[in-house]
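Morning, everyone. Please have the sequence and the model open. I'll go from the overall picture down to a few backbone details.

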2 protein chains.
Amino acid sequence: MLPLHLQPESHIPLYVQLRDQLRALVHSGELRSGDRIPASRELAGQLGVHRTTVANAYAELESEGLIQGHVGRGTFICGAPAKQFSPPPRSNGNGGGMRWEALFADDRGEESLSRMMPNIPPGATAFTVARPPDESFPLEEFRRCSNAVLGHEGRRILQLGSTDGYEPLKRELIGLFRSEGMNVRSEQLLITDGCQQAIDLVCKAFLRPGDSVALENPGYPGAIAILAGARVRPLAVGVEPDVTRTGHVGLDVDALETVLMQNRVKFILITPDFHNPTGTALPVASRRRLLELSARFQVPVVEDGIYARLRLRGNPILSLKALDTAGNVIHVDSFSKTAFPGLRVGWCIGPESAIERLRLVKQSTDLHTDQLSQATMAEFMHRGYFTRHLAKMKKVYRSRLEAMEEALEKHMPEETSWTHPDGGMSLWVTLPAGFDAGELLIHARERGIVFLPGRHFYSQHPRPNTLRLGFSAVDEKRIERGIQTFCDLLKSELRKRQRGARSELPARVALV
Amino acid sequence: MLPLHLQPESHIPLYVQLRDQLRALVHSGELRSGDRIPASRELAGQLGVHRTTVANAYAELESEGLIQGHVGRGTFICGAPAKQFSPPPRSNGNGGGMRWEALFADDRGEESLSRMMPNIPPGATAFTVARPPDESFPLEEFRRCSNAVLGHEGRRILQLGSTDGYEPLKRELIGLFRSEGMNVRSEQLLITDGCQQAIDLVCKAFLRPGDSVALENPGYPGAIAILAGARVRPLAVGVEPDVTRTGHVGLDVDALETVLMQNRVKFILITPDFHNPTGTALPVASRRRLLELSARFQVPVVEDGIYARLRLRGNPILSLKALDTAGNVIHVDSFSKTAFPGLRVGWCIGPESAIERLRLVKQSTDLHTDQLSQATMAEFMHRGYFTRHLAKMKKVYRSRLEAMEEALEKHMPEETSWTHPDGGMSLWVTLPAGFDAGELLIHARERGIVFLPGRHFYSQHPRPNTLRLGFSAVDEKRIERGIQTFCDLLKSELRKRQRGARSELPARVALV
């Protein structure tokens, strides 16, 4: 008998518990390469769970390369897990060396961000991603820009630069902010390696281990990973998905107030425009209240504006930074969603004293941001290509958003709901309670559809019956077909569940 | 009377104490814009110090824009200090906002790296820098490479990439390592935003506040800044400059052993090849002993190899990583010294389990390194441009090193000594005891010469009578002229000192 202990009352799905425990047995050496493990029916019987639970766990372990089935012989451990799923091996295998794992500062609570992305089978429809489709990149224009700057400013670009950022890029950005109604001085702007680094620098400048940060739940997994790495306590504030289109959506500001009253919070991290993953936009009244709370509790706001320029319909709402008269907001942003994610160029806007500190932190972190990309982006903006490209992409995204909404409207079973974002790159689906999007993904993948299970987005109290559908990188035809396939699967799982609830005990869903 | 208290017994030069106290009085508001401060002679009398001490302090404050002399009227505080020298202002000046300074995690011990670089007057000879001269950049070849990769791989480059690094660059690097006798697998290599980020990631992965790291003293200011920011205790291990050319040079391994015996050290940070700032290369016997110590005490070694490919004469010595059979070394490196500092592309090599962890840390730090620069550098290597450029630059640097040595040999007064590096970009000068390179710099700047005072390189026990002379970015003629001017100044200061010691008490030098 394998030493497996599943907890039906846990919020972690049973198949996930089983998968993780089996993986741990391999890593601890209790299961070795060549060991035979029980057939799924047999193990399900031993554990008192539904056979599907075991089958799902086995399927994931197989896709990780950890186990393999041999027809007529059974299922066997096949040694080291495949690279992208493996935690650090226990021994470094070069004899006499040190145990590195014991030397790490800690086991860093965060999950690998790349690990959360499911394998995408060839030809599958990837609703997983929220990024620009690469077939839309204006390569020729971009190449013209890089050529021009290397021709005119090559020596300056390739030489060591300023931590502040490449001056022509800062000028272009300040012009862009001005055209959007925001006056920013050069001392209030710091160029970073994308939005991820901007958030990381803010954390480095403000946080010590044990500090607390209030953030949206669900929220951006990259931010959750930074906080885990910095050993900071996330104080989760609920986000209400706009499923009813009533307009009362986004961060629960009442809940935030309670959190601020009960905790010493170092800052509030929020994505008010087209929040990832729900796509909601915080109404202006809530923004004003949030700023009042920030001033009252003297807790700064860190606003992630990465999706704000991707408003696809409806009226724009002023950013927190634009509404902020007291200088209490640090705004982080980048070109990842509006132009090219492969260039790591982003920025922070904030009061001078905060930017001065962030500049110092940035300097010891990596001296400065790559100048070839900074200069090329400055030229891309200067020639008007950025504005034109953004306008073009917004049309593309709007059409895709509408195609997805139409398909969902047409095919989704009644028991489900989803958000209706006015911008961004994804929407958020809530399945009937008890459903596990992680399990659904296993079946969806077999049908050529992948999406992101909602649990990756929660820093606390994950709701396994949620998932994110990205629409930005899939064309309308594939969206229609993909959503239909997804909905067919969902309906069939719903029917199974109804039958299962009547006919079979213990039912898998009841246990989950 | 101003509330000034100088400590003659301190290792901090008197003029620095005075400068800093005056600056603090301005920032605290005790001195305000328009306030008149005493003439240098008057203040010197009040404080019982030499007039030059006050004059030097005033000169620095004036160059910071903090004070200004008016002919016939005296010297006045002139308000806010100039940008690059200013600490964060006390108030953010936008009314009703929060006091950001009170919110920072701490006051981060590190000095701004850019602040340590003296202002370079127009036309001055800059021995300050240790970087490639930009007139040597092969711009046309570089542009051909960026064009080619944007043409062939544009979509891939501009799309979100892998935290690991851009695969073609990793392949080229692994080929380079192989040609240098080192077998590195892809899983043992992580691309970073330059060497600075590589060290920062190692610190993030291994260190908690309060931990200790053994490092060279003097050593790289960028590393000292990272440790200060991470609230880590630097355990300084002496570096013996090779002034006698006996070969017994570099890190004092006996002292390191004592440090390891007496402290819980998290890792040893060392630049064995052409150590910055002294230019020394650790002999192979010391390298082997260092690795033995690392294994015995189970303390990893972090080897900074950024200057190693810049061996300009003599026989190469295997890197610690190449000598390391136990897998106890993490090697960090970049293209900043061998090619283009403005592209932030570097790497870490280490055991798989360490690299796996560093990859996770890197992912939450900035997702991945900029791909345009990674791809262009891969192409630059693939076409053989990198090898050719490096060979060409080594000739340039060797000729400049020799020109500097020749000039020093010819003009330096007897009481001084300097190192004779076989590579790198700088050498290290030791002035007679009691001399302060910071004071010397003030006079040198007036004569059109700038260098880096040694104190910036010490994490502990600074020796103010040291300085770094960079030779990489100054041509031979200017080196000869610049060193002659520098030596003339030094001789004249020595003479003044001799006269001063005979004629005047309290003598400035004696107090320092």
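One definition before we start. Helices here are DSSP runs of H or I with at least four residues, strands are runs of E with at least two, and both are numbered from the N terminus. Keep in mind that this is a predicted model.

Confidence comes next. The model scores ipTM 0.81 and pTM 0.81. Chain A averages a pLDDT of 88, and 90% of its residues score at least 70. Two stretches of chain A need caution. Over residues 80-95, pLDDT stays under 50. The model has 29 contacts beyond four places in sequence for that stretch. Over residues 504-512, pLDDT again stays under 50, with 20 such contacts in the model.

Now the fold of chain A. How many helices and strands are there in chain A? There are 17 helices and 17 strands. The radius of gyration is 24 Å, and the globule rule also gives 24 Å for 512 residues, so chain A is as compact as a globular protein of that length. Along the principal axes, its C-alpha atoms fill a box of roughly 70 × 60 × 55 Å. Buried residues make up 51% of the 512. Take the contacts between residues at least 6 apart in sequence: 73% of them join residues at least 24 apart.

On to the backbone. Most residues other than glycine have a negative phi, and most peptide bonds are trans. Here are some exceptions.

Start with the peptide bonds. A:N276 and A:P277 are joined by a cis bond, with omega about 15°. Where is A:P277? Look in the loop between strand 9 (265-270) and helix 10 (284-297) of chain A. Chain B has a cis bond between B:N276 and B:P277, with omega about 20°. B:P277 lies in the loop between strand 9 (265-270) and helix 10 (284-297) of chain B.

Now positive phi. A:Q298 is not a glycine, yet its phi is near 55°. A:Q298 sits in the loop between helix 10 and strand 10 (301-304). A:L367 is another non-glycine, with a positive phi of about 70°. Its place is the loop between helix 12 (352-366) and helix 13 (371-382) of chain A.

Are these two buried or exposed? A:Q298 has 14 C-beta neighbours inside 10 Å, so A:Q298 counts as partly exposed. The cut-off for buried is 20 or more. A:L367 has 23 inside 10 Å, so A:L367 counts as buried.

That's it from me. Over to you.

Note on methods
Residues are numbered from 1 along each chain as its sequence is written. Chains are lettered from A and ligands numbered from 1 in the order in which they are written. This is a predicted model: local features need pLDDT of at least 70, side-chain atom pairs count only at pLDDT 80 or more; totals for chains, interfaces and linings use all residues. The radius of gyration is taken over C-alpha atoms; the globule rule is 2.2 Å times the number of residues to the power 0.38. A residue is buried if 20 or more other C-beta atoms lie within 10 Å of its own, exposed if 12 or fewer, and partly exposed in between; C-beta atoms are placed from the backbone. Two residues are in contact if their C-beta atoms, placed from the backbone, lie within 7 Å. pLDDT is the predictor's confidence in each residue, from 0 to 100.
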